[in-house]
Amino acid sequence: MANKITKMNLKLDYYKILGVERTASTSEIKKAYYYLAKKYHPDLNPDNPRVKDKYLLVTEAFNVLGDLDNRLDYSLKLYEKYWNEFDLDEHNLSKILKQT
């Protein structure tokens, strides 16, 4: 059973943070994370105080997208947020879908 990530910010686009497509494979996500984690690691950039925040953000994105269960949960919440912005209930959505 996978660990569920409780910290998931739907205002952030974790795919953009890691620089990967939404269709990226787990290995592509992992590769992007390792590259960015090294680039923004605080121990490797002691003179730049903003690096720590970037490192934490990259790590958060990887914790969500790097685990398939967390990634699915994130995607479903984004989908739900997207549809809620249109304020559609099931009845209205069914009517719209029948018209197409």
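A residue is called buried here when its relative accessible area is under 20%, exposed when that area is over 50%, and partly exposed in between, with a 1.4 Å probe and protein chains only. By that rule Tyr33, at 11% relative accessibility, counts as buried.

The structure is a predicted model, in which local features need pLDDT of at least 70 and side-chain atom pairs count only at pLDDT 80 or more, while totals for chains, interfaces and linings use all residues. Residues are numbered from 1 along each chain as its sequence is written, and side-chain values use heavy atoms, with hydrogens and water left out.

## Overall architecture

The chain has five helices and zero strands, so that its elements, read from the N terminus, run α-α-α-α-α; helices (H or I, at least four residues) and strands (E, at least two) are DSSP runs, numbered from the N terminus. Of the 100 residues of the chain, 24% count as buried. The accessible surface comes to about 7,800 Å², and 54% of this surface belongs to carbon and sulfur atoms; these areas come from the Shrake-Rupley method with a 1.4 Å probe, and for residues only the protein chains shown count as cover. When contact is taken to mean heavy atoms within 4.5 Å, 60% of the contacts between residues at least 6 apart in sequence join residues that are at least 24 apart.

## The nonpolar core

A nonpolar core is a set of buried Ala, Val, Leu, Ile, Met, Phe, Trp, Tyr and Cys residues joined through side-chain atoms within 4.5 Å. The largest such core has 20 residues, and those with the most contacts inside it are Tyr14, Leu18, Val20, Ile29, Tyr33, Leu65 and Tyr74. Helices α1 (14–18), α2 and α3 each supply at least two residues of this core, and α3 gives the most, with seven residues. In soluble globular proteins, nonpolar side chains tend to be buried together.

Ile29, in helix α2 (residues 26–39), is buried at 0% relative accessibility. Not counting residues up to four places away in sequence, Ile29 touches Leu18, Val20, Ala24, Phe62, Leu65, Gly66 and Arg71. The C-alpha atoms of Ile29 and Phe62 are separated by 7.3 Å, although these residues stand 33 residues apart along the chain.

Val64 belongs to helix α3 and is buried, with a relative accessible area of 0%. The C-alpha atom of Val64 is separated by 7.3 Å from that of Met8, a residue 56 residues apart from it along the chain. Thr59 also has its place in helix α3 (residues 51–65), and Thr59 is buried with a relative accessible area of 18%. A polar atom of the Thr59 side chain lies 2.9 Å from the backbone oxygen of Tyr55.

## Aromatic pairs

Rings of Phe, Tyr and Trp (its six-membered ring) pair if their centres lie within 6.5 Å, and planes under 30 degrees apart count as stacked, over 60 as edge-to-face and the rest as tilted. By this rule the count comes to four aromatic pairs. One of them joins Tyr15 and Tyr74 in a tilted arrangement, 6.2 Å centre to centre with 40° between the planes. This pair links distant parts of the chain, since Tyr15 is in helix α1 and Tyr74 in helix α4, 59 residues apart. Tyr15 is buried at 4% relative accessible area, and Tyr74 is buried at 0%. Tyr33 and Tyr34 form another tilted pair, with 5.6 Å centre to centre and 50° between the planes.

Ring pairs also link Tyr14, Tyr15 and Tyr74 into a cluster. Leaving aside neighbours within four places in sequence, Tyr74 is in contact with residues including Met8, Leu12, Asp13, Tyr14, Tyr15, Val64 and Leu65.

## Salt bridges

A search of the whole structure finds two salt bridges, each being a side-chain nitrogen of Lys or Arg within 4 Å of a carboxyl oxygen of Asp or Glu.

| Salt bridge | N to O distance |
|---|---|
| Asp13 and Arg22 | 3.2 Å |
| Lys77 and Asp73 | 3.5 Å |

Lys77 is partly exposed with a relative accessible area of 36%, and Asp73 is partly exposed at 22%.

Definitions and conventions. Polar contact = N/O pair within 3.5 Å; in protein donor to acceptor, adjacent residues only side chain to side chain.
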